[in-house]
Amino acid sequence: MPSLNHAKVIQGVEKALEGKHEDFIFEFLKAYGTSAATLKRLKLGDRSRNLATAPGDIAISRDFYFREVSPSANLAQHLAEIRSSSVFCANRIRFILVTDF
């Protein structure tokens, strides 16, 4: 991963929050330096890049796990579920984002 510029990350995250809801996670990952090729493969549903097994989830080996849940969902319960999953343990995921955004 290339070095991150704090101001560019903030601008990228703001853009992700202002953009289309369905593009949030891709803009968020872009802000943190995820390559365009990886983002394209994730958008296309490439199972070799997205290691998540649950529909709608995104998991990148040794990096990131994302899950969007309904506004009434228990975020802590979903976080615990991800942390105990085989995908999380086997792929050494460093960051988890569970949101009802």
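A residue counts as buried when its relative accessible area is under 20%. This tour of a predicted model applies that cut-off at its last stop.

**Helix 1 and helix 2**

Select residues 6–18, which form helix 1, together with residues 24–31, which form helix 2. The two axes lie 8 Å apart at an angle of about 175°; because angles over 145 degrees count as roughly antiparallel, this pair is classed as such. Next, display the side of helix 1 that carries V9, G12, V13, K15, A16 and L17. These residues meet F24, E27, F28, K30 and A31 of helix 2. By type, the contact comprises seven nonpolar residues, three charged and one polar.

**The largest nonpolar core**

Now select I25, F28, L29 and I58, the residues with the most contacts inside the largest nonpolar core, a set of 15. At least two residues of this core come from each of helix 1, helix 2, helix 3 (36–43), strand 1 (58–60) and strand 2 (64–68). Helix 2 gives the most, namely six residues.

Centre the view on I58. Beyond its neighbours within four places in sequence, I58 contacts I25, F26, L42, N50, A52, F64, Y65 and F66. A52 also belongs to a second, separate core of nine residues, which includes I82, V87 and I93 as well.

**N91**

Finally, select N91, in the loop between helix 5 (86–90) and strand 3 (95–99). Is N91 buried or exposed? Its relative accessible area is 18%, so N91 is buried. With residues up to four places away in sequence not counted, N91 touches L51, S61 and R62.

Technical notes: Residues numbered from 1 in each chain as written. Predicted model: local features only at pLDDT ≥ 70, side-chain atom pairs only at ≥ 80, totals over all residues. Heavy atoms only, no water. Axes fitted to C-alpha atoms, helices over the stretch in contact; angles between N-to-C directions. Helix = DSSP H or I, 4+ residues; strand = E, 2+ residues; numbered from the N terminus. Parallel < 35°, antiparallel > 145°, perpendicular 65-115°, else oblique. Contact = heavy atoms within 4.5 Å. Nonpolar A, V, L, I, M, F, W, Y, C, P; charged D, E, K, R; others polar. Core = buried A, V, L, I, M, F, W, Y, C linked by side-chain atoms within 4.5 Å. Buried < 20%, exposed > 50% of the residue type's maximum accessible area, 1.4 Å probe, protein only.
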